[in-house]
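Subject: Structure for you, with notes

Hello,

Here is the structure I promised to pass on. Please open it alongside these notes.

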Amino acid sequence: MQLRDDRVLSVGVAATLLTLVAVFYYPVGSVLASAVSAGGRLTLAPLVSVLADPFYTGAFHSLVTAPTTVPRGLVQWFAAGMPSVRLGLFGFTAYQALLSTLASVAVGLPGAYLLARFEFPGRRFVRSVTILPFVLPSIMVAVGFLAMFGRSGLLNDLLGVVGLGPVELTFTLELIVLAHAFYNAPLVTRLVTAAWESVDANRVEMARTLGASPLRAFRDVTLPQILPALLTASVLTFVFTFMSFPLVLALGGLQLATVEVWLYARVQDLALTEAATLGAIETALSLGLVYVYLRFEAMQIRPRGENRGLTRTPLVSGWRSLLDPRRLGLLAYGAIVLVLFVGPLASLVVESVTTPSGRLTLDYYAFLLSQQSSTATGTTRPLPAIVNSLLFGGGALLLALPMGVVVSVVATRDSRGSRLAEALLTAPLAVSGIVLGLGMLRTLVFGTTLFGHRITVTGPIAIVAAHAVAGYPFVSRNVTPALSGVDDRLGEAARALGADRTAVLTDIELPLVAPALVAGAAFAFAISIGEFDSTVLLAEGIDSATMPVALERYIGNRSLGPNLGPATAMGTVLLAVTTVSFVIIDRVGGRWER
């Protein structure tokens with residue numbers, strides 16, 4: 001679809017850009033500027049102080065302090081073929097992101113093979129739930145992993161029944177990698193499945209006719225066609241895990257801190273200049289990674305023509321098929337996936353209604369009610385947190401929906417400057433919530449001077465703006481395909497019959513893309529409900545705490561006892577609220593799936 005009324009589009013684009021300048025570009029720009037300025041003067045001192053610190057860059061710090069000298073640690077590292085030197089904060093962040101990417105690919109790739117090559121009851125549902133990580137709050141998932149894999153978690157309870165265990169995974173890198181695989185393996189499955197389903201079956205059959213074995217046909221024909229999607233998913237996973245915050249904060253703490261976690265800690269200590277410099281370096285790295293991702297994504301854009309996709313075979317066709325090694329492997333894979341993906345969420349609910357000894361109880365929910373009636377200073381009450389989440393979600397939706405539609409309209413126009421405008425309008429995808437929250441804290445909450453007037457924004461308004469910035473790209477991702485599919489001739493016919501542009505928009509185009517709009521709205525609302533990164537910085541005391549923020553405070557409050565009961569109860573409430581949004585996405589947005 002193309003809007004012929006350029007003035008309407010120009011006003012929409014201008015309003016969206018103005019909003020982004022106020023709540024995104026200016027705050028984030030202030031963070032980036034802090035890395036190259038001090039006292040109002042340009043300087044590299046903040047940047048050099050971080051890059052030259054071994055705590056941040058490990059052995060690579062000497063590349064800044066003594067750039068003409070090869071660090072001795074690096075020589076030992078490459079000679080030994082292993083990271084025998086200290087990686088530093090950035091190095092460890094990249095290391096855990098690499099491990100998380102490898103784990104996500106290892107878990108997600110068999111799922112893509114299953115969905116692309118086999119037919120079975122519930123296949124469409126399994127494929128639809130690969131969207132689940134985008135609507136599940138990460139801090140809630142972290143509590144689920146603690147409830148599942150913690151020392152007093154469900155896994156150790158089950159191992160104790162058979163006389164095994166306990167297994168200690170709390171505050172380990174392994175648990176962080178598992179949690180990252182929970183989030184990103186479905187992304188790998190989703191992207192690779194789409195590529196695998198579009199593999200040209202004629203080329204595969206031709207290779208087999210010429211004598212190639214199934215393995216050789218896969219290597220020479222299928223693999224080159226799915227490799228761009230696999231690389232795209234891998235780079236995107238690396239970006240997400242490099243900027244991961246709530247999972248690492250809850251499962252690793254400062255013992256296994258990444259750049260995001262340490263940045264948050266520096267803000268808590270009011271070391272804002274150092275935090276801003278860290279955020280600037282991280283943003284520069286993430287922008288570079290996103291550029292690589294876009295290049296890999298562009299590799300997948302190719303004309304399909306009349307290619308015939310691969311035919312899926314029944315997963316089960318009689319008892320003999322169950323003895324097939326491939327199907328036995330997929331059965332084992334299904335069991336692993338069930339533990340990894342269903343286990344944490346089930347454990348979250350189970351642990352919220354059981355004591356450490358296994359007795360059923362509602363004490364943790366009663367504790368939430370007692371917190372609600374408490375008058376103690378600093379008490380985080382659950383009901384205001386729930387109300388805040390819903391109100392902030394509604395407010396963010398009012399901003400995110402029109403912004404996302406404008407981006408979609410720009411994306412579907414084939415005009416000069418539309419690609420540049422689309423890039424400017426989708427830039428928030430490359431910036432972490434912590435960096436955005438820090439920028440808003442520095443410029444909006446603490447205040448900024450404009451035309452001689454000091455302008456400050458309260459925490460709730462800043463939170464709504466941050467949530468809208470996080471949510472509107474997902475509106476665009478849902479609406480853009482729908483707008484692209486609208487037949488221009490429908491609008492032309494209506495205009496020929498005398499309808500004005502407004503009537504065409506309201507009577508023809510909006511009804512046609514209404515399901516995608518609802519799905520995008522559900523996404524934006526769910527993203528707002530679960531958003532934690534920027535919210536934890538912008539929430540003022542207890543008055544603007546949301547459900548994820550309350551959940552994090554319950555985890556860290558040692559006065560609540562040695563178990564996660566109150567946190568799991570709050571997490572279960574958060575899961576229930578989030579599920580409503582997910583059901584809408586699955587019912588309404590699912591019709592736009594292939």
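Predicted model: local features only at pLDDT ≥ 70, side-chain atom pairs only at ≥ 80, totals over all residues.

Start with helix H6 (residues 88-117) and helix H12 (residues 214-242). Their axes come within 8 Å and cross at roughly 135 degrees. The crossing of H6 past H12 is right-handed.

Which residues meet there? On the H6 side they include Phe 90, Ala 97, Thr 101 and Leu 109. On the H12 side they include Leu 230, Ser 234, Phe 238 and Phe 242. By class, the contact has 9 nonpolar and 8 polar residues, with no charged ones.

Ser 286

Ser 286 sits in helix H15 (residues 272-299). Its relative accessible area is 1%, and buried means under 20%, so Ser 286 is buried. A polar atom of its side chain lies 2.8 Å from the backbone oxygen of Thr 283. Beyond four places in sequence, Ser 286 touches Met 243 and Ala 430.

Pro 246

Pro 246 belongs to helix H13 (residues 246-251). Is Pro 246 buried or exposed? It counts as buried, because its relative accessibility is 4%. Leaving aside neighbours within four places, Pro 246 is in contact with Ser 138, Ile 139, Ala 142, Phe 532 and Asp 533. Val 261 is 15 residues from Pro 246 in sequence. C-alpha to C-alpha, the two are 8.1 Å apart.

Best wishes

Technical notes:
Residues numbered from 1 in each chain as written. Heavy atoms only, no water. Helix = DSSP H or I, 4+ residues; strand = E, 2+ residues; numbered from the N terminus. Buried < 20%, exposed > 50% of the residue type's maximum accessible area, 1.4 Å probe, protein only. Polar contact = N/O pair within 3.5 Å; in protein donor to acceptor, adjacent residues only side chain to side chain. Contact = heavy atoms within 4.5 Å. Axes fitted to C-alpha atoms, helices over the stretch in contact; angles between N-to-C directions. Left-handed = near helix turned anticlockwise from the far one by under 90°. Nonpolar A, V, L, I, M, F, W, Y, C, P; charged D, E, K, R; others polar.
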